[in-house]
Structure formats: structure tokens, C-alpha cells
Amino acid sequence: MIDTFSHSALTAFDNCPLAFRFRYLDKRPEAFVTVETHLGRVVHEALFQAYRTPGGAGSIPAAMLETLYRQLWEKEDVRRLHIARQDASLEEYFQAGREMLLAYHRRVMGGDSRPSMGLEQDFRLELDPHTVFRGVVDRIARQESGILRVIDYKTGRSGDPLDSMQLPAYALFAFTLTDDESVELCFEDLREQATRTALFPRIRSDEVKQRLLQAIGVIRAAKDFPPRPSPLCRWCGYSPDCPGVAGLTAPAAVVKPEH
């Protein structure tokens, strides 16, 4: 069977090998959904629906976007969401997501007439005969200059994706859509209300492919998947059953990562 990996899988292994094992090898469901996860899903879905409207996202009034956000937020029983921060409330998270969208509407969406070539674009790339890398690009748009822009939306506090392998990996897919020698990587930090871009040349594609294969090779070679306790455990849906959180030794795992 061809092994399929993703940026989320690679990040999960880096953060905690045991959490990687639970999710990708054992296929365990998480004990809870965090409010941050719900907020991110709702914001992404609101942007997806806005950009796929026939008139384009620029034709959608801010009030309509706000209504859409509220409807999507309330589709799930938010009372069951896990809130790790003791000083926060559901209402605060709801308002934070609302402000992210409205600020993005003011900064970008209201005047955005760029045609979308892909929205929530699922892709699969064969890195070698035995390895597939998959991902979902939030949006791909053609700039007025003609260059292809690969856009990733972030609602949480995280490292800059322009400094990670995520957007460069997505660039590999973007190059299958164009003959251009460069694409533009765009990180939309919705929390900080900032846009960062970087030009990515096709000539770096093989470098990115090799770095992905190297990271995947480390996972494939792993014989044990120990817990890696950190402050992130408070947001981990596997923490109720995690021996690392309980201060115990995790059992060994020898299962090959196939998923």
C-alpha cells in the first residue's frame, strides 16, 4: 500500500510521537473537540462559501458574512466544546472569530476580484513510487500580475507557515497548474490581521521534495512513539488516555505508518 502523509501528520509527529500514533496508526477518535478547532473550521467554511459565490467574495456585504459566520458557528453544539484556557469563554471565542472575518473583509475581501482557481483544493502528489503527500489548499488565485498565489488562512497562534514546510509543499502542487517559474506563497494571519507573501521559485521544488521525504523517513524508521509532554497537552484530544500526561511510560509501537 502507498503510504500517504500530510503536513498535519508531520507536525503531529514533531509535537508528540504518541499523539501521531494514536491518530494516524491506531485511528483513535479524540475525546473532545477544542473551541479553537471549531473556530478555525467555521472561519474557513465562511471564507470558502464567500469565495465560491457567483458574484465573488467582493460582492458580499460584511453583514451577510457575519450572518453566515453565526449560522455556521451554531450548527454544532458548542456547549460540548473543550476550552483549555480557564480565563476564556465561548462568547470570547465567538467574538474573536467574528472580528477576524470582518477585519479580513475590510482589508482584503471587500475589494477582492481575483478569480479563484481552487478553493479548499484537495491534492495528492507522488513524492516517490511509495510515498504520497496530500494536502488541502485554502485558496489558489491568479493575481493581476498574472502570477499564481497560494493562500493559507490561519486563525490560531502558530509559527509562520512561510518558515515551515507547509506552503512550500503546497507550491509543489501549484506548479502542476502552471508553467510559470515562480508562484507566490501567501500567509493570511487572520488573528493579527496581517498578510505576508513570499515568491517561491520552481527551481526549489526538488529541495522541498527531498526535505519532505527526509521527514517521512524519520517517521517510517520509528520503532517507539513516546509521549512528549508540553503545554500543548491541554489542547490534545488524546490527553485523557495519555500515559505521558499521567507520568507513565508509553507502550512501544511497531506498526508501520500506513494510512
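A: At 35% relative accessibility, Gln193 counts as partly exposed, because buried means under 20% relative accessible area, exposed over 50%, and partly exposed in between (1.4 Å probe, protein chains only). The model is predicted: local features need pLDDT of at least 70, side-chain atom pairs count only at pLDDT 80 or more, and totals for chains, interfaces and linings use all residues. Residues are numbered from 1 along each chain as its sequence is written, and side-chain values use heavy atoms, with hydrogens and water left out.

Q: Where does Gln193 lie?

A: Helices (H or I, at least four residues) and strands (E, at least two) are DSSP runs, numbered from the N terminus. Gln193 is placed in the loop between β5 (182-189) and β6 (194-201).

Q: How is the packing of two helices described?

A: It is described by the angle between their axes and the distance between the axes. Axes are lines fitted to C-alpha atoms, for helices over the stretch in contact, and angles run from 0 to 180 degrees between N-to-C directions. Here the axes of α6 (residues 166-174) and α7 (residues 205-221) come within 10 Å and cross at roughly 120°. Therefore α6 is oblique to α7; angles under 35 degrees count as roughly parallel, over 145 as roughly antiparallel, 65 to 115 as roughly perpendicular and the rest as oblique.

Q: Which residues make the contact between α6 and α7?

A: Contact means heavy atoms within 4.5 Å. Pro168, Ala169 and Leu172 of α6 meet Ser205, Val208, Lys209 and Leu212 of α7.

Q: Which residues of the largest nonpolar core touch the most other members?

A: A nonpolar core is a set of buried Ala, Val, Leu, Ile, Met, Phe, Trp, Tyr and Cys residues joined through side-chain atoms within 4.5 Å. Among the 36 residues of the largest one, Phe20, Phe133, Val183 and Leu212 touch the most other members. Helix α6 gives the most to this core, with 7 residues. Leu212 touches Leu10, Leu127, Phe133, Met165, Ala169 and Leu172, leaving aside residues up to four places away in sequence. A second, separate core of 32 residues includes Val43, Ala50, Val78 and Met100.

Q: Which residues of α1 are buried?

A: His7, Ala9, Leu10, Ala12 and Phe13 are buried in α1. Their cover includes β1 (3-6), α2, β3, α6 and α7.
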